[in-house]
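The sequence and the structure are shown first, and the description follows.

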Amino acid sequence: MGEVRKLQKKLRQIGSLEIQISLSPEERFKISRKAELRSRLAELQLQLSGPQQTLGIVADEKQEKMKRHVEDAPETLPSQTPLAPKILKAEKKTAPAKMSDHCREVPAERSGSDAEQRQEEAEFACLKSSWEKSKFRLRLLEGHNDIVTCVVAVDNLVVSGSRDTTVKVWHVPTAAEEHKNLGGHTGGVTCLSAPPPEYCKSLARALSLSDKERFILSGSADCNVKIWALCVGQCVKSLYTFNAVTALCFVPEGDGYIVTGSDAGKVQAWSWHTFQNCQSINAHQEAVTSIQAQGPLVFCGSADGGVSVWENRPRGDRVFLSYGRAWLKILHWRTGTTSRLTNHSSITGVTDCVHQTGGLLIGSCYDLANGESSLNLFSLPQCRYLASLTWPDSPRILCFAAWTTGSGDHRWVTGGRDLLVWEQLPSAGKQRGDVTAKRDSRLESCVMESEGDSEDDEDTDDFEDDDDNEGEERRCDGVEDGGSGSWLRCVLQ
């Protein structure tokens, strides 16, 4: 198992390197070994396959020995019924009235009457059935010549940013070719944000533009934040931040302001009215990788594994975070506790982005060992697994945007190596969809669990070229990862 875990760690690091804005020659060489490492991992997994192999996320060596011991003595098992789901300790202590928001099974006296539970189960079964029958048509948007790093939806437009330094605008109803190409950045585009219409109107009036003008913000490794007018296709303002911009968002409070994060961990606020720098804080030791706002509350995630929360009038109790692992992290920020939701059945699975739309939580899922990609759907607020969506030769999904059409159907955009528009088709229609909806039985039994309720097998991601260094492997296996993962995307609830 030691060599398997070592290969898995190397593949995780390669997966992180592949989506960086710039790479050194040494890092490019590491990426070139991906096919070789995948082949070796597949051979080892084939050798280890058999009655002793267990499904689900690979645990540490002690846990594996325990599983093998149990499987070698089946007569000691009283039954084959699954273990009862765990109850979050923090939620049990701080908010017993809301336990049903975080648990799949709770005693009747704690979650309401039997009739309410039956109604809830019936509604969930109906929702699950509808997603199992869902059909989507995929349309490829061709124009970028490098990885698409960010996407946002504005009315009937899709705006995408890429490592190729461009921001492109696509008209979704036609989607045959790009609507506008916004060139001006000299470094890879890392992030996009769309201010609400009322704030766009105030800026349009100040610039003597039409009240219908919509604006988009783009951040780049060239240290600039640019404000683009989509109708006229021009940059109307550029803010120089003195640091590579790695994340940004628009905060619609008061006159509005722009919050940016840098590769050095600095968080800055800029006035939407004057475009002057209002505040600058060294919030993190490493790069800011995600900024999200909900009302006056701003969450900043960093490559150092930390999340900082700003302002003091919060809305919502949980933050869903993706951070390049097989789980979705859930931060219960009021109590300072975390839990995790399984998003992949193998430790070689990674989650690059997470999105919330209505009562639906969507997490991207990519297997570093075989290159398979999918989207996992969960119902909110209970975070119950609904279905997985995939298609042949699906690429890794790094960014996601969603909205609904006038008829209530879903329309999504995903970015990565390919930029794709997803259009939901009527489930009762005869038109064949491009996407397969299926259920992963290994995720059906998974529930949210407190970080303190189970051992964390997230090892450090140091790339070790010496495959025979068993002493180093033993050292790594005994270390809990306190902050090697970075928060890539987050959404608030």
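A residue is called buried when its relative accessible area is under 20%, exposed when it is over 50%, and partly exposed in between, with a 1.4 Å probe and protein chains only. By this criterion Phe250 is buried, with a relative accessible area of 7%. The model is a predicted one, in which local features need pLDDT of at least 70 and side-chain atom pairs count only at pLDDT 80 or more, whereas totals for chains, interfaces and linings use all residues. Residues are numbered from 1 along each chain as its sequence is written, and side-chain values use heavy atoms, with hydrogens and water left out.

Helices (H or I, at least four residues) and strands (E, at least two) are DSSP runs numbered from the N terminus. Two strands are taken to pair if DSSP finds at least two bridges between them. Strands of a sheet pair through backbone hydrogen bonds, in either a parallel or an antiparallel manner.

Four strands form an open sheet in the order 10-11-12-13, and their pairing is antiparallel. Its edge strands, each of which pairs on one side only, are strand 10 (245–251) and strand 13 (277–282). On average, neighbouring strands of this sheet are turned by 15° against each other, direction ignored; the axes are lines fitted to C-alpha atoms, for helices over the stretch in contact, and angles run from 0 to 180 degrees between N-to-C directions.

Within the sheet, five bridges join strand 11 (residues 257–262) to strand 12 (residues 266–271) in the antiparallel sense. Ile258 has Trp270 of strand 12 as its bridge partner. Strand 12 and strand 13 are likewise antiparallel and share five bridges, with Ala269 opposite Gln279 in strand 13. The hairpin of strand 12 and strand 13 has five residues between the strands, and Phe275 there takes a positive phi near 65°.

A further hairpin is made by strand 15 and strand 16, with four residues between them; Gly305 in its turn has a positive phi of about 90°. Strand 15 (residues 297–302) and strand 16 (residues 307–310) pair in the antiparallel sense over four bridges, and Gly301 has Val307 of strand 16 as its bridge partner.

**Aromatic pairs**

A pair of aromatic rings is described by the distance of the centres and the angle of the planes. Rings of Phe, Tyr and Trp (its six-membered ring) pair if their centres lie within 6.5 Å; planes under 30 degrees apart count as stacked, over 60 as edge-to-face and the rest as tilted. Across the whole structure, the search finds twelve aromatic pairs. Two of them are set out below.

| Pair | Centre to centre | Angle of planes | Class |
|---|---|---|---|
| Trp131 and Trp412 | 6.1 Å | 20° | stacked |
| Tyr199 and Phe250 | 5.2 Å | 65° | edge-to-face |

Trp131 counts as buried because its relative accessibility is 5%, and Trp412 counts as buried at 0%. Both rings belong to one aromatic cluster, formed by Trp131, Phe136, Trp391, Phe400, Trp412 and Trp422.

**Charges over rings**

A charge sits over a ring if NZ of Lys or CZ of Arg is within 6 Å of the ring centre and within 35 degrees of the ring normal. Arg384 lies over the face of Phe124, at 3.8 Å from the ring centre, and Arg340 lies over the face of Trp327, at 4.3 Å. Phe124 is part of helix 7 and is buried, with a relative accessible area of 11%. Although Phe124 and Leu386 are 262 residues apart along the chain, their C-alpha atoms are separated by 8.6 Å.

**Helix 3**

The 15 residues of helix 3 (residues 34–48) reach 21 Å from first C-alpha to last, close to the 21 Å expected at 1.5 Å a residue; the expected span is 1.5 Å times one less than the number of residues. Leu37, Arg38, Arg40, Leu41 and Leu44 are buried in this helix. These residues lie on the same side of helix 3 because they cover an arc of only 165° around the axis, the arc being that of the directions from the helix axis to the C-beta atoms. Ala35, Leu46 and Gln47 are exposed on the other side of helix 3.
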